[in-house]
Amino acid sequence: MPTDTLPNPGTDPEKTPAGSTGELIRLEQVTKRFGSNTVLDHLDFSVDAGKHVTLIGPSGSGKTTILRLLMTLLKPDEGTITVDGQQLFPASDKQVREVRKKIGMVFQQFNLFPNMTVLRNITEAPVTVLGLSKDEAVERAKGLLDMVGLADKCDAHPAQLSGGQQQRVAIARALAMRPQVLLLDEVTSALDPELVAGVLDVLRDIARSTDITMLCVTHEMNFARDISDQVLMFDSGRIIESGPPEKIFSDPELDRTREFLSAVL
Ligand SMILES: Nc1ncnc2c1ncn2[C@@H]1O[C@H](COP(=O)(O)OP(=O)(O)O)[C@@H](O)[C@H]1O
Ligand SMILES: [Mg+2]
């Protein structure tokens, strides 16, 4: 039987609890402080299931903090975070572990396990966290490696791969958990310029061919324009402007957005 190698949570009945169309992520009145620095100040926003939302804005405006809160790498000081109708914060440790399975993340620095092969990097969490058999995990991993164009690299170690290849493995590793949400934090920023396009092509393919929800921080504005349903412009921890990419990139309302875009475009 052919296995579907793409994560397709929206059409897999086992993966899609009732009611998971509509709002998938909701932050309500979320405040995050580092010491006396209030990075997010009573932030509200939500992302609907299957949508691709891009966060743009100057360095230090709080974009990574939002993704880290969703990954539970950080805890808010105030507010609530809900994913697929289940609270992620505040929540018990058990509930956090459950909700976390719905979320995958790819970082700027690929963070692969250096001592494991490419294949093992991808099969490790599905076996240990999801309880897949080794055979199932390997089959899933091979399908994903094929999708990211690295079917021949199963037995390589990360250090033997280019940055672009490592990042494509990191994307496959995130997808192997069949998350409902994929968080992408400047995933091409650490790459040599000639390696950027290959990674963005993989992400475009995922955006087009799956119904995974994507929340993406990027300075690749053409990519953002291609894949986004909605763009949120951040400044100092607040969303100062939001809208469809055609509007934000071509005819923003605010001078601040215009200035930011002219600096990065
Ligand atoms: N672990 C941390 N400790 C102290 N300050 C932090 C930490 N992480 C982020 N910050 C501060 O929070 C603000 C927002 O950072 P970040 O979310 O990384 O912004 P962005 O991703 O938009 O560049 C910055 O002022 C940054 O210095
Ligand atoms: Mg950042």
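Colleague: Where is the place of His42, and how is such an element defined?

Modeller: His42 lies in strand S2, residues 37-48. Helices (H or I, at least four residues) and strands (E, at least two) are DSSP runs, numbered from the N terminus. The model is predicted: local features need pLDDT of at least 70, side-chain atom pairs count only at pLDDT 80 or more, and totals for chains, interfaces and linings use all residues. Residues are numbered from 1 along each chain as its sequence is written, chains are lettered from A and ligands numbered from 1 in the order in which they are written, and side-chain values use heavy atoms, with hydrogens and water left out.

Colleague: Which peptide bond is cis, and where is its proline?

Modeller: The bond from Phe89 to Pro90 is cis, with omega near -10°. Pro90 belongs to the loop between strand S5 (86-89) and helix H2 (93-100).

Colleague: Why is H5 called roughly parallel to H6?

Modeller: Helix H5 (residues 163-175) and helix H6 (residues 193-209) pack at about 20°, with their axes 8 Å apart. Axes are lines fitted to C-alpha atoms, for helices over the stretch in contact, and angles run from 0 to 180 degrees between N-to-C directions. Angles under 35 degrees count as roughly parallel, over 145 as roughly antiparallel, 65 to 115 as roughly perpendicular and the rest as oblique. H5 is therefore roughly parallel to H6.

Colleague: Which residues make that contact?

Modeller: Contact means heavy atoms within 4.5 Å. Among the residues involved are Gln167 and Ile171 of H5, and Val199 and Leu203 of H6.

Colleague: What makes H3 roughly parallel to H5?

Modeller: The axes of helix H3 (residues 118-128) and H5 come within 8 Å and cross at roughly 25°. By the cut-off already given, H3 is therefore roughly parallel to H5. The contact is made by Val118, Asn121 and Ile122 of H3 together with Val169, Ala172 and Arg173 of H5.

Colleague: How do you know that the charged end of Arg173 sits over the ring of Phe113?

Modeller: A charge sits over a ring if NZ of Lys or CZ of Arg is within 6 Å of the ring centre and within 35 degrees of the ring normal. The charged end of Arg173 is 5.0 Å from the centre of the Phe113 ring and is counted as sitting over it.
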